[in-house]
Amino acid sequence: MLAPKSSSPLRTLSTLAHLADKCTTLEQLKQVHAQMIVSAVIATDPFAVSRLFSSCALSPFGDLSHASRIFRSATPRPNAFMWNTLIRAQPHAPHALSLYVTMRRTRVSPGKHTFPFLLKACSQLRSLRACKQVHVHVIRFGLASDSHVVNALVRCYSVSGNCVDARHVFDESPDRSSSLWTTMICGYAQNFCSNEALELFDEMVGEGFEPGGATLASVLSACARSGCLELGERIHEFMKVKGVGLGEGVILGTALVYMYAKNGEIEMARKLFDGMPERNVVTWNAMICGLGAHGHVEDALDLFERMKKERAVVPNGVTFVGVLSACCHAGLIDVGREAFRLMKSVYGIEPKIEHYGCLVDLLGRGGRLLEAEELVKGMPWKADVVILGALLAASRNSGNTQVAERVVKEILALEPQNHGVHVALSNMYAEAGQWQEVLRLRKTMKEERLKKAPGWSLVAT
């Protein structure tokens, strides 16, 4: 039982606040909470209550529901720190925004720590409208020049696809740190604005900023996700000329391997991979997934075997996604089945929905439709639209309308407005010569005024 050793009121206050910070289990936090109630600290010392609340809300062992009870009952009017902590702790972005609205209704003023947490929630939602609304509040409370708030605004606008406003905020900032430059460059890269990203990187260097390893790794990761190979190559050349970041070792080396592999420069990625003196599981995964995704299936599987034999690192869930994807590309059903079995039996990795999705796709492409359907039925959770879509595609490839009908029903149960599945099933009936079914389904679509959603594509320039 945790308890303060002195009955002195002042010492009790400071001791309980200190204990709240030092707790390592939820049970200990609850004991401190009980001591605060017994000693009346809960009603007299907002600082101690704030420390208890923060530990309960943010600690890995914490309990957000218990923290919310402390928030509601501990003090008559929670302070800005407690509001910020509760907003920060929310796992669901809409809840964070709702809390901010409630915070303002209770006339608690936000501060420089409030808005980065709030803008992070907006970024998770990719909501440009919410970002603009928060930006108005940032200006209203005089925080438009705070470096942390500005960085969060640039990131939020970029994630929401609005690089114009992101750049405006960046240009208006009186203090551009290396972190802010990185955020803006990454924003351009993630939105496929490769020319702007290149120009800004050159401007950053021209301004006297020499990006370190963490900055370069962040930009390289953005280049990988968005296909900005030219910027990635420019950064690689900058690193070689300046010798910047070379001491970062495995982190920066992995970022380069990942960038080249994702952009299809497999030969360069493999050269860098083979030349690294140290590799972690992320490095191996980047190379295995890159090889598999670009059709080098045999090389990907050979590298996986080498990884197992060297035993320097242990494969994880991402490794097996890469292996199963490679098997899908080559139609290696037996190899894929064995890899799926190894996950749990040898490495103790519980297959996730992406692993099931890969195996369903593999079985479907190989004509093992009923086996794929049984695999979906045997999953420990309900299949999502992606897995069911793979099963529907496999049904079409094999011409099995019975399985397709069952799959379409399940997809419509999850997404009643997913009218594309009606079109897919109608096309299958037509290919099978079941014209009565075609007419019936098209009549249904016409009566319900269903239309297939148009497709779209993106070309980076």
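# A walk through an all-helix model

Of the 461 residues in the protein chain, 46% are buried. Here buried means under 20% relative accessible area, exposed means over 50%, and partly exposed lies in between, with a 1.4 Å probe and protein chains only. This is a predicted model, in which local features need pLDDT of at least 70 and side-chain atom pairs count only at pLDDT 80 or more, while totals for chains, interfaces and linings use all residues. Residues are numbered from 1 along each chain as its sequence is written, and side-chain values use heavy atoms, with hydrogens and water left out.

Start with the whole chain. The protein chain has 27 helices and zero strands. Helices (H or I, at least four residues) and strands (E, at least two) are DSSP runs, numbered from the N terminus. Along the principal axes, the C-alpha atoms of the protein chain fill a box of roughly 85 × 60 × 50 Å. Contact means heavy atoms within 4.5 Å. Among the contacts in the protein chain with a separation of 6 or more, 57% join residues 24 or more positions apart.

Now look at one helix, α19. Helix α19 covers residues 297–310, 14 residues in total. From first C-alpha to last, α19 reaches 20 Å, close to the 20 Å expected at 1.5 Å a residue. That expected span is 1.5 Å times one less than the number of residues. Which residues of α19 are buried? They are Val 297, Ala 300, Leu 301, Leu 303, Phe 304, Met 307 and Lys 308. These residues lie on the same side of α19 because they cover an arc of only 155 degrees around the axis. The arc is that of the directions from the helix axis to the C-beta atoms. On the other side of α19, Glu 298 and Lys 309 are exposed. The cover over the buried residues of α19 includes α17 (266–275), α18 (281–293), α20 (317–330) and α21 (333–345).

Both ends of α19 deserve a look. His 296 is partly exposed, at 33% relative accessibility. Not counting residues up to four places away in sequence, His 296 touches Ile 266 and Leu 291. His 296 and Gln 402 are 106 residues apart in sequence and 36 Å apart in space, C-alpha to C-alpha. After α19 comes Arg 311, whose phi is positive, near 55 degrees.

A pocket is defined on a 1 Å grid over the protein atoms alone, as an open set of points where a 1.4 Å probe fits, with protein on both sides within 12 Å along at least five of seven lines; lining residues have an atom within 4 Å of a point. The largest pocket holds about 370 Å³ of space. Such a volume is the space filled by probe spheres set on the points, which are joined across faces, edges and corners. The largest pocket is lined by 16 residues. Nearest its centre lie Tyr 258, Lys 262, Asn 285, Cys 289 and Gly 290. Which helix gives the largest share of the lining? It is α18, with seven residues. At least two lining residues each come from α16 (250–262), α18 and α20. The lining divides into eight nonpolar, seven polar and one charged. Ala, Val, Leu, Ile, Met, Phe, Trp, Tyr, Cys and Pro count as nonpolar, Asp, Glu, Lys and Arg as charged, and the others, Gly among them, as polar.

Next, compare α27. Helix α27 (residues 435–447) has 13 residues and reaches 18 Å from its first C-alpha to its last, close to the 18 Å expected. In α27, Val 438, Leu 441 and Met 445 are buried. They share one side of α27 because their arc around the axis is only 75 degrees. Gln 436, Leu 439, Lys 443, Lys 446 and Glu 447 are exposed on the other side of α27. What covers the buried residues of α27 includes α26 (420–431).

Some single residues remain. Thr 183 lies in helix α12 (residues 178–190). Is Thr 183 buried or exposed? Thr 183 is buried, with a relative accessible area of 9%. Leaving aside neighbours within four places in sequence, Thr 183 is in contact with Asn 151, Val 154 and Arg 155. Arg 107 lies in the loop between α7 (93–105) and α8 (114–125). Its phi is positive, near 65 degrees, in a residue other than glycine. Arg 107 is exposed, at 70% relative accessibility.
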